[in-house]
Amino acid sequence: MVAALELYLDTDATRRIRVLWEALESEGVQSMRSLLEQRHRPHVSLAVAARFDPEQVAAALAGMRVAAPLRLEFQHAGQFVGRVLWLGPTPTAELLGHHAQVHHRLARAGITLVEHYQPGRWVPHCTLSMRVPNALMAAAVRRCLEVLPVTATVVGAAITDHARGISHPLP
């Protein structure tokens, strides 16, 4: 399993994405709502690792406001290899700078991170489904386009590892 440093979205954006999860489910697409006993919440992951020590991460980020009140403008839907469907915020200089600062601090603390979340490779996204059946992709993307754009503000952050029951809030 994986651990992540997640940024959480304001109430309205969270509600809109949860409604989209429901719409995807009605199309026969398993959304993030269904995974891990419905413990997922809409988020953008800044960093991912095979495993995190929450105390080590918190120490590396001490003095930094990880849950900076960034404004995110979700303008597009996308797909990763493996049929992962997501909504993407515009990658602003502010968002990319915040991401780079988090990674710099974690790297300086010797925390090993997944390569495709590194600065310069990271695609900011909010995952909607981990495996959309090919035959349902067009309907799933159509559902995404029906809700876009979504404006959100980051209101919280946490280190999570759902498989291990870890959710460690960060400032």
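Select Phe-52 and show its neighbours: leaving out residues up to four places away in sequence, Phe-52 touches Ala-3, Ala-4, Leu-5, Ala-47, Val-57, Ile-111, Leu-113, Ile-159 and Arg-164 (a contact means heavy atoms within 4.5 Å).

Before moving on, note that this is a predicted model, where local features need pLDDT of at least 70, side-chain atom pairs count only at pLDDT 80 or more, and totals for chains, interfaces and linings use all residues. Residues are numbered from 1 along each chain as its sequence is written, and side-chain values use heavy atoms, with hydrogens and water left out.

Buried means under 20% relative accessible area, with a 1.4 Å probe and protein chains only; 48% of the 171 residues in the protein chain qualify.

**Stop three: zoom out**

Switch to cartoon view and you'll find four helices and seven strands (DSSP runs: H or I of at least four residues for helices, E of at least two for strands). Follow the chain from the N terminus and the order is β-α-β-α-β-β-α-β-α-β-β. The C-alpha atoms fill a box of roughly 45 × 30 × 30 Å along the principal axes.

Conventions: Buried means under 20% relative accessible area, exposed over 50%, partly exposed in between (1.4 Å probe, protein chains only).
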